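Below are my notes on the model, as numbered points. Please read them alongside the sequence and the coordinates.

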Amino acid sequence: MPSEIIVMSMAGTTTEVAMQIEVQSKEAMAKVVQQFRYFETVAKVINNGYQAEIDDDGNETVKFSVTLQYGQNPNVTKAE
């Protein structure tokens, strides 16, 4: 995960969790989504879109929404 990540909101059910997240760049957003893809109990990661803003000093802020569906992750293999 990036060194700076803000989870602005999170809501969960018995089948999924939805989060609104803020990071400092599109690259950081990609890193967060990539890391979620390797959580053992997350079967599917859905990126619901993002909004990027650059302030007057040239600093980028990216806010995005992601839904993680629970289940066995097809990307993670268990040792036998």
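Leaving aside its neighbours within four places in sequence, with which residues is N73 in contact? Point 4 takes this up.

1. Basis. This is a predicted model, in which local features need pLDDT of at least 70, side-chain atom pairs count only at pLDDT 80 or more, and totals for chains, interfaces and linings use all residues. Residues are numbered from 1 along each chain as its sequence is written, and side-chain values use heavy atoms, with hydrogens and water left out.

2. Elements. The chain has one helix and four strands, in the order β-β-α-β-β from the N terminus. Helices (H or I, at least four residues) and strands (E, at least two) are DSSP runs, numbered from the N terminus.

3. Pairing around β4. Two strands count as paired if DSSP finds at least two bridges between them. Strand β4 (residues 60–70) pairs in the antiparallel sense with β2 (residues 16–23) over eight bridges. Ten bridges join β4 to β3 (residues 42–54), also antiparallel. T67 in β4 stands opposite A18 and opposite I46. The β3 and β4 strands form a hairpin with five residues between them, and G58 in the turn has a positive phi of about 85°.

4. N73. This residue lies in the segment after β4. Its contacts (heavy atoms within 4.5 Å), leaving aside neighbours within four places in sequence, are with R37, Y38, F39, E40, V42 and A43. The N73 side chain reaches the backbone oxygen of R37 at 2.6 Å and the backbone oxygen of F39 at 2.8 Å. N73 is buried, with a relative accessible area of 1%; buried means under 20% relative accessible area, with a 1.4 Å probe and protein chains only.

5. Whole chain. Along its principal axes the C-alpha trace spans about 55 × 25 × 15 Å. Of the 80 residues, 28% are buried. Among contacts between residues at least 6 apart in sequence, 56% join residues at least 24 apart. The accessible surface (Shrake-Rupley method, 1.4 Å probe) comes to about 5,500 Å², and 47% of that belongs to carbon and sulfur atoms.

6. Charges. The chain has 6 positive and 11 negative charges, and their mean positions are 10 Å apart. Lys and Arg count as positive and Asp and Glu as negative, while His and the chain ends are not counted. Each charge is placed at NZ of Lys, CZ of Arg, CG of Asp or CD of Glu.

Definitions and conventions:
Buried means under 20% relative accessible area, exposed over 50%, partly exposed in between (1.4 Å probe, protein chains only). A polar contact is a pair of N or O atoms within 3.5 Å; within protein, one must be able to donate a hydrogen and the other to accept it, and residues adjacent in sequence count only if both atoms are side-chain atoms.
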